[in-house]
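Here are my notes on this model, point by point. Please read them with the structure open.

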Amino acid sequence: MGLPEYIPFLSSLPIGALIAYKLTSKLNAMPLLRKRYFSIIWGSAVAFSLLQGIKGSYYKLTGLENNGLQWRYSEENNTKYNFTQELDNSPFYSLFVKKD
């Protein structure tokens, strides 16, 4: 994971703490409830940012988003490997093939 995947998580730590502090600042008379609500709000912000980082990585790995990788030469192509050729020639596979 590169820096773009860490940015949502790293930015949510202070921003989530500020939002949680602001939302729980009126609960001065109930410190245990304030602590519980702060933990829930801040934990939700961190969990959401982790989800966004994972989603961004998934989009880059599946090709839905540009991942920044470029070909060195324009004529480079992926060579596809035929996995079924070895399977068709194996004696074990011939046991399951319907013979005409």
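1. Val-46 is buried, because its relative accessible area is 14% and the cut-off for buried is under 20%. Note that this is a predicted model. Val-46 sits in helix α2, which covers residues 31-62. What does Val-46 touch, once residues up to four places away in sequence are set aside? The partners are Phe-9, Ser-12 and Leu-13. Take Ser-12 as an example: 34 residues separate Ser-12 from Val-46 in sequence, yet their C-alpha atoms are 6.0 Å apart.

2. Ser-49 is another residue of helix α2. Is Ser-49 buried or exposed? Its relative accessible area is 4%, so Ser-49 counts as buried. Leave out the neighbours within four places in sequence, and Ser-49 contacts Pro-8, Phe-9 and Ser-12.

3. Which residues of α2 are buried? They are Val-46, Ser-49, Gly-53, Gly-56, Ser-57 and Lys-60. Please look at these six positions together on the model. Across the protein chain, buried residues account for 13% of the 100 residues.

4. Lys-55 also belongs to helix α2. With a relative accessible area of 36%, Lys-55 is partly exposed, because that class lies between the 20% and 50% limits. Lys-55 and Glu-5 are 50 residues apart in sequence. Their C-alpha atoms are 8.9 Å apart in space.

5. Next, the length of α2. The helix has 32 residues, and at 1.5 Å a residue it should span 46 Å. The C-alpha atoms at its ends are 46 Å apart, so the two values agree. What follows α2? Just after the helix comes Gly-63, with a positive phi of about 90°.

6. Asn-67 lies in the loop between α2 and α3, where α3 is residues 84-88. Asn-67 is partly exposed, because its relative accessible area is 39%. Back in the helix, Gly-56 is one of the buried residues of α2. Asn-67 and Gly-56 are 11 residues apart along the chain, with 9.9 Å between their C-alpha atoms.

7. How many aromatic pairs does a search of the whole structure find? It finds one. The pair is Tyr-58 with Tyr-59: ring centres 6.1 Å apart, planes at 50°, so it is tilted. The angle decides the label, because under 30 degrees would count as stacked and over 60 as edge-to-face. Tyr-59 itself is partly exposed, since its relative accessibility is 32%.

8. Now the surface. Leu-3, Tyr-6, Ile-7 and Leu-10 form a nonpolar patch there. Together they have about 400 Å² of accessible area. Ile-7, one of these residues, is in helix α1, residues 3-23. Its relative accessible area is 47%, so Ile-7 is partly exposed.

9. Last, the chain as a whole. The protein chain has four helices and zero strands. Read from the N terminus, the order is α-α-α-α. Among contacts between residues at least 6 apart in sequence, 49% join residues at least 24 apart. The accessible surface of the protein chain is about 9000 Å². Carbon and sulfur atoms contribute 64% of that surface.

Definitions and conventions
Residues are numbered from 1 along each chain as its sequence is written. This is a predicted model: local features need pLDDT of at least 70, side-chain atom pairs count only at pLDDT 80 or more; totals for chains, interfaces and linings use all residues. Side-chain values use heavy atoms; hydrogens and water are left out. Rings of Phe, Tyr and Trp (its six-membered ring) pair if their centres lie within 6.5 Å; planes under 30 degrees apart count as stacked, over 60 as edge-to-face and the rest as tilted. Buried means under 20% relative accessible area, exposed over 50%, partly exposed in between (1.4 Å probe, protein chains only). Patches are made of residues with over 30% relative accessible area and no salt bridge: like charges are joined within 9 Å, nonpolar side chains (Val, Leu, Ile, Met, Phe, Trp, Tyr) within 5 Å. Accessible areas come from the Shrake-Rupley method with a 1.4 Å probe; for residues, only the protein chains shown count as cover. A salt bridge is a side-chain nitrogen of Lys or Arg within 4 Å of a carboxyl oxygen of Asp or Glu. Helices (H or I, at least four residues) and strands (E, at least two) are DSSP runs, numbered from the N terminus. Contact means heavy atoms within 4.5 Å. The expected span of a helix is 1.5 Å times one less than its number of residues.
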